[in-house]
Amino acid sequence: MDQAILHLINERWTSPALDLFMAAISNIEIWRPFLILAALCLLIWGGFRGRAFVVCLLVCLAITELGTNVLKTAIGRHRPKQVQPVRMVELQRTTPEFLTLIKKPTIRYADQTDENRSGPSFPSGHTTNNTVIAVCSTLFYRKRGALYWIVTAAIGWSRIYLGAHWPSDVFG
């Protein structure tokens, strides 16, 4: 079932617009400056709630990162691109990183060179971290914060779309 869903999302439900969107939403380097700016704004102008949110979020993300790394090491599951040819979308390298959004991504299929390029697959760190952000956002900012669940779902979908994770890695 995992493999069937992966190939459906990764090979059949694709388009050039989705290629760019999915690769961009999963690339933390593009979003890091904006996230840092948002955190600084919350620390400066967000009042007690904004400062508490940032501190709570950083603590939760640190704990989550440790837990995710322990699980990845203990389970040691290979990524789809490490065990079979899957469709991969790669963004062009640019400086600054967000300029990659105006360049056409490269599409290729995984080969033997991809077998050792990434760490273990389960659970998806991208999805886990964004789930923590969504939970904290919902707890601190209720309905407005709950909108981040849309971003979390899109990032989870993108990890399967890009061939980086099995569907069960994302749901796990």
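Q: What should I know before I start?
A: Residues are numbered from 1 along each chain as its sequence is written. In this predicted model, local features need pLDDT of at least 70 and side-chain atom pairs count only at pLDDT 80 or more, while totals for chains, interfaces and linings use all residues; side-chain values use heavy atoms, with hydrogens and water left out.

Q: Is D19 buried or exposed?
A: Buried means under 20% relative accessible area, exposed means over 50%, and partly exposed lies in between (1.4 Å probe, protein chains only). D19 has 5% relative accessibility, so D19 counts as buried.

Q: Where does D19 lie, and which residues does D19 touch?
A: Helices (H or I, at least four residues) and strands (E, at least two) are DSSP runs, numbered from the N terminus. D19 belongs to helix α2, residues 16-25. Contact means heavy atoms within 4.5 Å. Leaving aside residues up to four places away in sequence, D19 touches T14, R87, V89, P105, I107 and Y161. With the same exclusion, the contacts of Y161 include W13, L18, D19, M22 and V89.

Q: How do I read a nonpolar core, and which residues touch the most other members of the largest one?
A: In soluble globular proteins, nonpolar side chains tend to be buried together. A nonpolar core is a set of buried Ala, Val, Leu, Ile, Met, Phe, Trp, Tyr and Cys residues joined through side-chain atoms within 4.5 Å. Here the largest core has 16 residues, and those touching the most other members are L6, A23, V86, V89, I160, Y161 and L162. Two or more residues come from each of α1 (2-12), α2, β1 (87-90) and α7 (148-161). Helix α2 gives the most, with 3 residues. There is also a second, separate core of 7 residues, including F53, L57, I133 and C136.

Q: How many aromatic pairs does the structure hold?
A: Rings of Phe, Tyr and Trp (its six-membered ring) pair if their centres lie within 6.5 Å; planes under 30 degrees apart count as stacked, over 60 as edge-to-face and the rest as tilted. The structure holds 4 such pairs. One of them is F53 with F140, edge-to-face at 5.6 Å centre to centre and 70° between the planes. F53 sits in helix α4 (residues 47-75) and F140 in helix α6 (residues 125-146), so this pair ties together parts that are 87 residues apart in sequence.

Q: What do F53, F140 and Y141 form?
A: F53, F140 and Y141 make up one aromatic cluster. F53 and Y141 are both buried, whereas F140, at 22% relative accessibility, counts as partly exposed.
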